[in-house]
Amino acid sequence: MFSNIPIPSIFICFLIFCAWIHYERHKSTRKYERESRAFWDREDEANHTKNKDISGLTLFTPDTGRIPMPKTEDENITYYQEKVQNCLTKPMMDLSQFTNTDLKLAYGTGNFKTLSEYDENFNDFLMNLSNLGKAYRTAGMLTESAGTYEQCIASGSDRSTDYKSLAYAYAMTGNHGKLQDLITSAERSDLPRKAALVESLRSIQKDKTVH
């Protein structure tokens with residue numbers, strides 16, 4: 001008895017929309033399940049990977065002669081000088097390009113703890129070196145601050161705060177050429193949030209209050 005009643009086109013569109021939503025959700029669920037299975041399969045493989053010889057791996061060795069270590073009575077500076085010196089006694093490796101699974105697949109699950117410690121030592125070194133640069137700046141030792149941040153970046157830091165702190169040190173000591181070189185280096189890099197960082201560095205370059 002209802003066969004002659006026309007179905008509004010808006011209702012048809014609604015049904016099509018609901019069917020599309022259902023399809024997309026189902027597709028998304030299948031994709032997640034595939035990715036999840038692939039991840040856990042890879043993780044299981046990693047956990048059963050035999051140990052490989054890591055004795056030939058190259059440890060990170062900073063240029064200690066270029067890290068400013070002047071004698072000072074400033075307790076904040078001496079504190080971080082000691083922290084940096086302590087870091088230099090430990091084996092370090094920059095393994096930031098590896099996930100935990102990558103590390104186990106590459107070198108074996110038995111080496112994971114050791115390599116993780118090497119990576120942690122490296123990150124501790126960068127953190128304490130950055131803090132030392134800040135301590136120099138707080139004490140008005142801008143040349144030492146710049147030199148410390150230079151080594152921080154040369155060692156592999158990609159933290160925007162280290163780049164900006166170095167830029168401030170250059171600007172405040174009148175090293176405009178080095179500041180421009182830093183900006184150019186950042187522009188050519190693959191640093192995270194590069195565009196925002198370059199904009200910040202250029203702002204420091206233009207800010208007459210820090211010159």
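S165 sits in helix α6, which covers residues 160–172. In this predicted model, S165 counts as buried because its relative accessibility is 12%, below the 20% cut-off for that label. Let's start with this serine and then widen the view to its helix and the chain.

**Around S165**
- Which residues does S165 touch, once neighbours within four places in sequence are left aside? They are R137 and Y149.
- Y149 is 16 residues away from S165 along the chain, and the C-alpha atoms of the two are 7.3 Å apart.

**Helix α6**
- The helix has 13 residues and spans 18 Å from its first C-alpha to its last, close to the 18 Å expected at 1.5 Å a residue.
- Just after α6 comes G174, with a positive phi of about 75 degrees.

**The chain as a whole**
- There are 8 helices and 0 strands in the chain, giving the pattern α-α-α-α-α-α-α-α along the sequence.
- Of the 211 residues in the chain, 32% are buried.
- Taking contacts between residues at least 6 apart in sequence, 67% of them join residues at least 24 apart.
- The chain has an accessible surface of about 13,900 Å², and carbon and sulfur atoms account for 53% of that surface.

Definitions and conventions:
Residues are numbered from 1 along each chain as its sequence is written. This is a predicted model: local features need pLDDT of at least 70, side-chain atom pairs count only at pLDDT 80 or more; totals for chains, interfaces and linings use all residues. Side-chain values use heavy atoms; hydrogens and water are left out. Helices (H or I, at least four residues) and strands (E, at least two) are DSSP runs, numbered from the N terminus. Buried means under 20% relative accessible area, exposed over 50%, partly exposed in between (1.4 Å probe, protein chains only). Contact means heavy atoms within 4.5 Å. Accessible areas come from the Shrake-Rupley method with a 1.4 Å probe; for residues, only the protein chains shown count as cover. The expected span of a helix is 1.5 Å times one less than its number of residues.
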